[in-house]
Amino acid sequence: MTISHLARSIGESATLRLNERAKMLADQGQPVIHLGGGEPKNKVPITAILSSAAKLTAGDVKYVPTDGTPSLKRAIIRYTEEHYGRLVAPENVIVSSGAKQALYNILVSIVDPQDEVIVLAPYWVSYPEMIKMVYGRPVIVQPEDGTFQPRLEEIERVITSATRAIIVNSPNNPSGVVYTDDFIGALVELCERKGIYLIMDDIYHKLVFDGIRPASAYQFTSQTIETTQIIVVNGVSKLYGMTGFRIGWAIASRPLVEVMKNVQAQTTSCPAAVSMAAAEGALTGVQSTVESLRLSIQNNRDVMMTELRTFNGVHVVRPGGTFYCLPDFRAFGGSSEALAEFLLTTALVVTVPGKEFGAEGHLRLSYCGAVKDITEGIKRIRWALDPEAPNEIYIGDRRMVRDWL
Ligand code: PLP
């Protein structure tokens, strides 16, 4: 069997691998606690269900325009005006099969072999792999002070004549950090000065806590949508908990959208019509579902922070958004992969090794599930690692005694 060098260089998705492993253990009847998840447990908004059901009932499920149905694009334009203060044209919008495909289309469209794309650590696992998939070179910027808030000087230092773009994800997966307005403003200025794209992955921008409003990059530019370096990516996966529908989008200048449209036409033809109907239903329906999802996740964040504070040796930056946090577990050994494996086998708790996100020694913990899973999960992790935690615990109906500390 011949496999290309490129394909061989692409890493397996650690989160998907862990999900499979956790499912296997759960299917065997093991009481697994999943703190590795990347999707809220809410029911899909009813307006999304009705809208997609109507599409199905009509029996009219065919190819649709490559860049998205006009009515979904209208809904996205309204969303962009309301949340970003920018009025864009239908030709500035392209709908894709998830924000993931939108990001990939962007990279195919702007990166030549050996071009560099700057990624800010900690980063979403897929960015470096996607950059490699278009023969580009990911250039990782590691914030030196452990705050998860990169400094502009650190970014400016790595810009070369080969730099094509910077990818920014705020609120950030995996740290939950929301970058400051000053930082986003400075990045916009930097990208305009250097003539490089600023890709804003805003997929979590409404899942924010404590009254924080993440900055819209557009507010810092006087450029028009046709001349700006800013590309905005968003979607319904996290906002409405509609991960399974696979609908995301990008907002960019007309020429760039035109190229992305060609890329999409030659790869997937168009996003699925039923899913687009669902996304339109979500975007145009009552928005109280977003607020109740946000409030329940904020409550989960509070529970997670309270639980982690009882944990000796663990340091965590309080998340301002998303449904993740990235506690520092270096007090318990350097390898996050070994630690995650140990926690899964001894305590049946799924976590994601920080190494996957460029944050070795940390674990990504999700709080998008049930409160009882958060409390039980952290209780088990403490039992496995913290000598001050009681050395006996029940995992399911099995009494477990810790004899390794
Ligand atoms: N961007 C970030 C930062 C994510 O965490 C994810 C999903 O986990 C995505 C993009 C992909 O979103 P979608 O489900 O719309 O492809």
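View 1. As a guide to the wording here, a residue is buried if 20 or more other C-beta atoms lie within 10 Å of its own, exposed if 12 or fewer, and partly exposed in between, with C-beta atoms placed from the backbone. This is a predicted model, in which local features need pLDDT of at least 70, side-chain atom pairs count only at pLDDT 80 or more, and totals for chains, interfaces and linings use all residues. Residues are numbered from 1 along each chain as its sequence is written. You will find Y135 in the loop between α6 (126-133) and β4 (137-141); helices (H or I, at least four residues) and strands (E, at least two) are DSSP runs, numbered from the N terminus. Its phi is near 65°, a positive value in a residue other than glycine. Most residues other than glycine have a negative phi.

View 2. Although Q114 is not a glycine, its phi is positive, at about 75°.

View 3. The bond from S170 to P171 is cis, with omega near -5°. N173 and P174 are also joined by a cis peptide bond, with omega about 25°. Most peptide bonds are trans.

**View 4. Helices α12 and α13 where they meet.** The axes of α12 (residues 336-347) and α13 (residues 371-385) come within 10 Å and cross at roughly 105°. Axes are lines fitted to C-alpha atoms, for helices over the stretch in contact, and angles run from 0 to 180 degrees between N-to-C directions. The two helices are therefore roughly perpendicular to each other, a term for angles of 65 to 115 degrees (under 35 is roughly parallel, over 145 roughly antiparallel, the rest oblique). L343, T346 and A347 of α12 meet R380, I381, W383 and A384 of α13; contact requires C-beta atoms, placed from the backbone, within 7 Å. By class, this contact has five nonpolar, one polar and one charged residues. Ala, Val, Leu, Ile, Met, Phe, Trp, Tyr, Cys and Pro count as nonpolar, Asp, Glu, Lys and Arg as charged, and the others, Gly among them, as polar.

**View 5. The buried residues of α13 and what covers them.** Among the buried residues of α13 are D373, I374, G377 and L385. Their cover includes β1 (33-34), α11 (288-309), α12, β10 (349-350) and β13 (392-395). At 1.5 Å a residue, the 15 residues of α13 should span 21 Å, and its end C-alpha atoms are 21 Å apart, which agrees. The expected span is 1.5 Å times one less than the number of residues.

**View 6. The shell around the ligand.** Of the 13 residues around the ligand, G98, A99, K100, G235 and S237 come nearest. A residue is near a molecule or strand if its C-beta atom, placed from the backbone, lies within 6 Å of it. The shell has three nonpolar, eight polar and two charged residues.

Methods
Contact = placed C-beta atoms within 7 Å.
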